[in-house]
Amino acid sequence: MSPPLLLVSACLLGHRTRYNGGHKLFPALAGLMPERTRLFAFCPELRAGFGLPRPPLRLRGMEDGAIRVCRADGAPVDELELTERLETACEKAVNEAIIRGARGAVLKSRSPSCALRDAALITAAGENRGPGLFARSLRAALPALPLIDETEMADEEKALAFFRAVAAYAGSPS
């Protein structure tokens, strides 16, 4: 049996995919033993064709409950077009995760695409926090898939619990 596949936000593996052309290398991920885990790096924003560098993005909560992608600096942009591009890229990435047999995901906190719970969400009432578009898509399609962000991975107990959940999801002993 091959080791379980983990989806990983590419910036956490040192890929220069962040809006400013930088990365957020999380050394603990780079040090995972290949005989125990396979890693699949991805960046929904690059897959959406947003390029590098790009303006920082935020999520805007609409009155009807919809979420739109907007520029963090408030510059005018076609929010519907940006949102559709990112949603399409997220759907394709989720489908690829299913086809590849992903058994867990390590996502970038505070990202408008990857955050599990702390992406900035601008609403008429002010700024809130919530999941990014990719995290929402992943949870909707694979609700039992173990998910964690790098801030939780830094906590040894949470990291161990995540890897136990990955092993259980993969159907192998922990």
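Me: Which residues are linked in a network of salt bridges?

Reply: This is a predicted model: local features need pLDDT of at least 70, side-chain atom pairs count only at pLDDT 80 or more, and totals for chains, interfaces and linings use all residues. Residues are numbered from 1 along each chain as its sequence is written, and side-chain values use heavy atoms, with hydrogens and water left out. A salt bridge needs a side-chain nitrogen of Lys or Arg within 4 Å of a carboxyl oxygen of Asp or Glu. The linked residues are Arg 47, Glu 96 and Arg 100.

Me: How many salt bridges does the count come to?

Reply: Side chains of opposite charge can pair when their charged atoms come close. By the rule used here, the count is ten.

Me: What is the N to O distance between Arg 100 and Glu 96?

Reply: Both residues lie in helix 3, four residues apart, about one turn of the helix. Helices (H or I, at least four residues) and strands (E, at least two) are DSSP runs, numbered from the N terminus. The two side chains meet in a salt bridge, and the N to O distance is 2.9 Å.

Me: Which residue does Arg 85 meet in a salt bridge?

Reply: Arg 85 has a relative accessible area of 29%, so it is partly exposed; that class lies between buried (under 20%) and exposed (over 50%), with a 1.4 Å probe and protein chains only. The N to O distance is 3.2 Å, and the partner is Glu 81.

Me: Is Glu 152 buried or exposed?

Reply: Glu 152 forms a salt bridge with Arg 117, at 3.1 Å between the closest N and O atoms. This pair links distant parts of the chain, 35 residues apart: Glu 152 is in helix 5 (residues 150–153), Arg 117 in the loop between strand 5 (102–107) and strand 6 (119–123). Arg 117 is partly exposed at 42%. Glu 152, at 17% relative accessibility, is buried.

Me: Which element gives the largest share of the lining of the largest pocket?

Reply: Arg 18, Tyr 19, Arg 110, Ser 111 and Pro 112 lie nearest the centre of this pocket, among 26 lining residues. Helix 2 (44–47), strand 3 (57–61) and strand 6 each supply at least two lining residues. The largest share, three residues, comes from strand 3.

Definitions and conventions
1 Å grid on protein atoms, 1.4 Å probe; cavity = no way out; pocket = protein on both sides within 12 Å on 5 of 7 lines; lining within 4 Å.
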